[in-house]
Amino acid sequence: MAKRVGLYPGTFDPIHIGHTDIIGRAVKLVDRLVLGVAINTGKGPMFTLEERVAIVEAEAAALKADAEIVVQPFEGLTMHFAREVGANVIVRGLRAVSDFEFEFQMTAMNQQLDREIETVFLMADPRHQAVASKLVKEIATLGGDVTKFVSPRVKEALLAKVGR
């Protein structure tokens, strides 16, 4: 039987509890899950690529999973990277209707690029629907408490980044 390989791509700047929830659920669907850390300079990430990869690796290692989890940076089209890692499924998390509209359009374009790779949407746990990396960074920068949104390891890295 062929291995089911999933790709969960993202900037992960920083990885938060919503991301780790999706990862924890995605590993139940695949034999191998690649966490693709996107090189996305257009988003102006707070953490360098190397820092994001290291943080995602540490967070993934802390998860108990039956599937193999691999962290790998990538640049360019997600579909090209999906082919490169042998993924037959792209995993995406949805928080709100606005996420769906964007992801629906992206999925339609991805299907035009490769009809063999499916996209699977996992709904965010209601407790995590408001959590977004952009908001977590803003809370940390403005002196708020991010404890509820990230792991202690990520909180420490965030506070160091913002000089707290």
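In which strand is R92 found? R92 is found in strand β4. The legends below refer to a predicted model.

View 1. Strands of a sheet pair through backbone hydrogen bonds, either parallel or antiparallel. Here five strands make an open sheet, with parallel pairing, and their order is β3-β2-β1-β4-β5. At the edges are β3 (68-74) and β5 (118-123), each of which pairs on one side only. On average, and with direction ignored, neighbouring strands of this sheet are turned by 30 degrees against each other.

**View 2. The pair β4 and β5, with R92.** Six bridges join β4 and β5, and the pairing is in the parallel sense. In this view, I90 has T119 of β5 as its bridge partner. R92 belongs to strand β4. Apart from neighbours within four places in sequence, R92 is in contact with P9, E103, T119, V120, F121 and L122. Between the C-alpha atoms of R92 and G24 there are 13 Å, although 68 residues separate the two along the chain.

**View 3. Helices lying across the sheet strands.** Helix α2 lies across β2 (32-38) and β3, and runs at about 155 degrees to β2. Helix α4 lies across β4 and β5; its direction makes an angle of about 165 degrees with β4.

**View 4. The contact of helices α2 and α6.** Two packed helices are described by the angle between their axes and the distance between the axes. For α2 (residues 49-62) and α6 (residues 152-161), the axes come within 10 Å and cross at roughly 160 degrees. Because of this crossing angle, α2 is roughly antiparallel to α6. On the α2 side the contact is made by E51, I55, A58, E59 and A62, and on the α6 side by R153, V154, A157 and K161. Sorted by class, this contact of α2 with α6 holds five nonpolar and four charged residues, and no polar ones.

**View 5. The loop between β1 and α1.** Both F12 and P14 lie in the loop between β1 and α1. F12 has a phi near 50 degrees, which is a positive value in a residue other than glycine. The peptide bond that leads from D13 to P14 is cis, and its omega is near 0 degrees.

**View 6. The largest pocket.** Rolling a probe the size of a water molecule over the atoms shows where empty space is left. The largest pocket has a volume of about 1,100 Å³. Its lining is made up of 43 residues, and those nearest the centre of the pocket are G10, T11, K43, R92 and E103. Two or more lining residues come from each of β1 (5-10), α1 (17-26), α3 (78-84), β4 (89-94), α4 (97-113) and α5 (133-141). Helix α4 gives the largest share of the lining, eight residues. By class, the lining of the largest pocket has 18 nonpolar, 14 polar and 11 charged residues.

How values were computed: Residues are numbered from 1 along each chain as its sequence is written. This is a predicted model: local features need pLDDT of at least 70, side-chain atom pairs count only at pLDDT 80 or more; totals for chains, interfaces and linings use all residues. Side-chain values use heavy atoms; hydrogens and water are left out. Axes are lines fitted to C-alpha atoms, for helices over the stretch in contact, and angles run from 0 to 180 degrees between N-to-C directions. Helices (H or I, at least four residues) and strands (E, at least two) are DSSP runs, numbered from the N terminus. Angles under 35 degrees count as roughly parallel, over 145 as roughly antiparallel, 65 to 115 as roughly perpendicular and the rest as oblique. Contact means heavy atoms within 4.5 Å. Ala, Val, Leu, Ile, Met, Phe, Trp, Tyr, Cys and Pro count as nonpolar, Asp, Glu, Lys and Arg as charged, and the others, Gly among them, as polar. On a 1 Å grid over the protein atoms alone, a cavity is a set of points where a 1.4 Å probe fits but cannot get out, and a pocket is an open set with protein on both sides within 12 Å along at least five of seven lines; lining residues have an atom within 4 Å of a point. Grid points are joined across faces, edges and corners, and a volume is the space filled by probe spheres set on the points. Two strands pair if DSSP finds at least two bridges between them.
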